[in-house]
Amino acid sequence: MFSVPVGEQFQEFGSLFSAKYSTNGDGSVDTGIGGREYLLMSDEELMKQCELSTFKASGPGGQHRNKRESAVRLKHSPTGIIAQAVEDRSQHMNRASALSRLRVLLALKVRNNIDLDTYTPPQELLQILPPKSTIRGSNCGPQIGPNNPKFALGMQALLDLLFAVEGSVSDAAKKLGLSTGALSRLLLSDDNLRMAVNEFRVSKGIKPLK
């Protein structure tokens with residue numbers, strides 16, 4: 001079971017994707033599948049859940065850019081999240097970019113419920129933690145950074161924890177064997193992650209991270 005925050009719009013990558021949701025009365029979207037499962041799907045499996053539309057891109061690029069409907073918009077049917085790509089003249093390339101952005105949006109916007117009393121950080125979260133974490137074993141390998149496609153899965157798990165502790169970085173840091181400063185640096189290392197965390201903290205009346 002997962003929830004998506006109510007009434008949120010998210011735009012990044014030069015306004016190339018956005019998210020819109022229809023919600024239940026409690027502010028969640030219930031599809032009967034955990035949000036983590038979407039990120040574990042192959043590209044083909046995830047595409048089967050999407051409505052694809054093409055359109056002519058506007059803006060810089062000259063006349064050649066607008067002759068064909070090369071821009072791609074994907075709507076993820078279970079959540080209503082929309083991702084699009086317009087920057088390439090190849091529809092195939094834009095489709096791949098839109099799908100990649102959809103994965104990022106799913107990580108940012110779809111929350112998995114966790115029980116703090118029995119919480120154990122999943123492997124994908126441990127992999128994005130800095131080596132100084134006291135709970136990060138040697139079997140995790142090198143730290144995964146924002147440029148690695150696997151980062152989205154770890155980012156989703158980290159946001160799940162942050163939401164569960166009501167945006168408290170210090171409380172989350174204790175669960176992850178990190179100092180508050182070390183976790184803050186991780187949260188600020190990726191613009192998308194920083195924006196999502198700060199948006200939530202502000203909604204809770206907590207100062208944004210800087």
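I began with Arg 194, whose relative accessible area of 28% makes it partly exposed. A reminder to myself: this is a predicted model.

Next I looked for the partner of Arg 194 and found Asp 191, with the closest N and O atoms of this salt bridge 3.5 Å apart. Both residues sit in helix H9, three residues apart, or about one turn of the helix. I checked Asp 191 too: its relative accessible area is 46%, so I noted it as partly exposed.

Then I asked how many salt bridges the count gives in total. The answer is seven.

I moved on to Arg 103, which meets Asp 43 in a salt bridge at 2.9 Å, N to O. Here the two ends come from distant parts of the chain: Arg 103 belongs to helix H4 (residues 91-109) and Asp 43 to helix H2 (residues 43-47), 60 residues apart. Buried or exposed, I wondered about Arg 103? At 16% relative accessibility it falls under the 20% cut-off, so Arg 103 counts as buried. Asp 43 has 44% relative accessibility and counts as partly exposed.

My last stop was Lys 204, whose side chain forms a salt bridge with that of Glu 166 (3.0 Å, N to O). Lys 204 lies in the segment after helix H9 (191-203), and Glu 166 in the loop between helix H6 (151-164) and helix H7 (169-176), so this pair ties together parts 38 residues apart in sequence. I wrote down both accessibilities: Lys 204 is partly exposed at 42%, and Glu 166 is partly exposed at 41%.

Terms used:
Residues are numbered from 1 along each chain as its sequence is written. This is a predicted model: local features need pLDDT of at least 70, side-chain atom pairs count only at pLDDT 80 or more; totals for chains, interfaces and linings use all residues. Side-chain values use heavy atoms; hydrogens and water are left out. A salt bridge is a side-chain nitrogen of Lys or Arg within 4 Å of a carboxyl oxygen of Asp or Glu. Helices (H or I, at least four residues) and strands (E, at least two) are DSSP runs, numbered from the N terminus. Buried means under 20% relative accessible area, exposed over 50%, partly exposed in between (1.4 Å probe, protein chains only).
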